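Please consult the sequence and the structure alongside the points below.

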Amino acid sequence: MRRYPGPYAGGTTMAQTGQKDVARIRQLALVRPVSSSIGDCELTHLRRSRIDLARARRQHALYVRTLSELGLSVRELEALPEQPDAVFVEDTALVLDELAIITRPGAAVRRKECSSVSQALAEYRELQTIEAPGTLDGGDILCADKDIFVGHSTRSNRAGIEQLAQWTSAYGYRVHALEVKDCLHLKSAVSHLGDRTLLIDPDWIEAAAFESFRCLLRAPGEQGAANVL
C-alpha cells in the first residue's frame, strides 16, 4: 500500500491543509459503515443479486481493521442507512496535498452522501465543489503523481472533468480524460501501484493511454482483478 501524506477514505486518499497539524493526521482513514439498504445499491454492468449483509459487514470490519494494523488512524463517518452505496466513500471526494474536491456523483441518489464527507474534510483541506451540470465519481479518478486520469463514463461527464482540471491546474496537475467502456469506473480497469507503475485490465482499457507509465496486465481469466488497493 502506498503511503500518502494524509487521510484515506474507503478508496480515496485524503490529506491535511497547510497551517494545521500535519503530523497529527498524516495517516488518517475515513470510512463509513455498510448500509442496511446495500441490497438496493446502484448497478450498471451487473445483474442484481442478493447481497449477504452480515457477510458484507464482516468483510468491511476486516478492511477497517487492516487499515488500522497498517498504522492509519481510522475515523468512522456517520452511518447512512437510507443510502445503499454510502460505504463507498471514495466516490464523494478527491483529496490532493493542496486541496480537496467534493464530487457530484453521477447517480443523483448518491449526492446526499457528500455533505458529511465535506464536513469531515473541512478540518484538513481547503474545499472546492463540482457544480451542476458537472458530474464526477471518485472511482473515475486515478492519481499518479502530477497526472490525474479521469474516466469519461456514465457517472462522470465532460463538465465535471473540466471543473476538476480548473481546480487542479493551478497546482501543476495535468488532467487526462479517457473514455470508459464496458465497466463502471476508470479504476475498475486500472490501478496505480506507485513508481509510475499501473495494473491494467486490457479488456476495459488500453495500455497505450498511459504511454509514460510501466503497465502490468492482470492475469488472464481474472476480469476485475486490476481494481486493487
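The points that follow treat a helix and then a sheet. The structure is a predicted model. Helix α3 spans residues 158–169, and the sheet has the strand order β11-β12-β13.

**Helix α3: extent and capping**
- Helix α3 comprises 12 residues, and the distance from its first C-alpha to its last is 16 Å, close to the 16 Å expected at 1.5 Å a residue.
- The N-terminal end of α3 is capped by N157, which places a side-chain oxygen 3.3 Å from the backbone nitrogen of A159.

- G160, I161, Q163, L164 and T168 are the buried residues of α3.
- An α-helix has 3.6 residues a turn, so residues three or four places apart point the same way.
- Exposed residues E162 and Q166 are carried on the face of α3 turned away from its buried side.
- Packing partners of the buried residues of α3 include β5 (93–95), β6 (100–102) and β7 (127–129).

**Sheet β11-β12-β13**
- The 3 strands form an open sheet with mixed pairing.
- Strands β11 (190–194) and β13 (214–217) are the edge strands, each pairing on one side only.
- From one strand to the next, the twist averages 30 degrees.
- Strands β12 (residues 197–200) and β13 run parallel and are joined by 4 bridges.
- L199 has L216 in β13 as its bridge partner.

Technical notes. Residues are numbered from 1 along each chain as its sequence is written. This is a predicted model: local features need pLDDT of at least 70, side-chain atom pairs count only at pLDDT 80 or more; totals for chains, interfaces and linings use all residues. Side-chain values use heavy atoms; hydrogens and water are left out. Two strands pair if DSSP finds at least two bridges between them. Helices (H or I, at least four residues) and strands (E, at least two) are DSSP runs, numbered from the N terminus. Axes are lines fitted to C-alpha atoms, for helices over the stretch in contact, and angles run from 0 to 180 degrees between N-to-C directions. The expected span of a helix is 1.5 Å times one less than its number of residues. Buried means under 20% relative accessible area, exposed over 50%, partly exposed in between (1.4 Å probe, protein chains only). Contact means heavy atoms within 4.5 Å. A polar contact is a pair of N or O atoms within 3.5 Å; within protein, one must be able to donate a hydrogen and the other to accept it, and residues adjacent in sequence count only if both atoms are side-chain atoms.
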